[in-house]
Amino acid sequence: MSDLQNSAGNAAVAASLAGQRQQHGSQPPVQRMFQKMKNAVSGNRSAAQQEVNVRVGGEEVPMTRQGAFYVFRTEQGGRAYIHDVAVANGVLNDDLTPHVMKYRMGGLALYRGIPRHHETWHDVNGGGVIPPLGSGELPDFLTNNTSFIPFSPSERVARGSAVATRGMAERNRAEYVQGYTRSNENFFVGLVATVVAGPNLDVAFFNGSEVQIRGPVRGFDTDHIRMSTDVQEALTGTPGDPREPISENRPSTPNEEQKKEFEKKHGLLP
């Protein structure tokens, strides 16, 4: 949620495997090997679908196997994608079972933390929409490749992402955004978006801390974190005693020369 989009280890694996897509017959053996490994992580749409039953709680749920995912459709029109690492011997693990059951019943609360320096900040804060970073049909840990957006069932995980000072790209830095200053107590550090996911949505279940929703996502609530927000409240939702503003833990305000140098490398401040 960096963003959760960024289960760091998984993102690193996917990024290291990403390469130019070629016809199978023209790939050297090493490239073919890495392509197979990448397909195992992200799921390959061309893989043949296999009919299987997966036990979710006390119920056998018919699913199809698509690449690295078990997939089932709901009566309300949504599709659920369950990563195969969460299924053993035809049984969904305990980490994901309650989340999948809540999704089917229409009441799975999910959280996404978005820091001020994130690419989607202005869409979310001003436009009321959370856009995906990619357009791929299947879920993927590497979210630049997919139309799915990472959330978490854990509000604390999302809050940690919302106050992150660095993002995946070099230009994603908390102090290099328009108007940044530690002295402005109303300056936005980030926000936590909350959405209730039901069976009318396409949702991907990876593990107990990352669940993705196909974007764009609308109809969410937001909780803004400002420079004046208590640091414990920013991280957990519960204020500390005594209170300590999060501004005391933020990066120093860059001077004009530093901003100009940054813009030479990365373009105008977002």
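The backbone oxygen of Pro199 lies 2.5 Å from a polar atom of the Thr74 side chain. A polar contact is a pair of N or O atoms within 3.5 Å; within protein, one must be able to donate a hydrogen and the other to accept it, and residues adjacent in sequence count only if both atoms are side-chain atoms. The model is predicted: local features need pLDDT of at least 70, side-chain atom pairs count only at pLDDT 80 or more, and totals for chains, interfaces and linings use all residues. Residues are numbered from 1 along each chain as its sequence is written, and side-chain values use heavy atoms, with hydrogens and water left out.

Thr74 sits in the loop between β3 (69–73) and β4 (79–83). Strands (E, at least two residues) and helices (H or I, at least four) are DSSP runs, numbered from the N terminus. Thr74 is buried, at a relative accessible area of 15%. Buried means under 20% relative accessible area, exposed over 50%, and partly exposed in between (1.4 Å probe, protein chains only). Leaving out residues up to four places away in sequence, Thr74 touches Tyr103 and Pro199. Contact means heavy atoms within 4.5 Å.

Two strands pair if DSSP finds at least two bridges between them. Strand β8 (residues 148–151) pairs with β11 in the antiparallel sense over 4 bridges. Here Ile149 stands opposite Ile213. Strand β10 (residues 203–207) also runs antiparallel to β11, joined by 4 bridges. Val203 stands opposite Ile213. A hairpin of 2 residues links β10 to β11.
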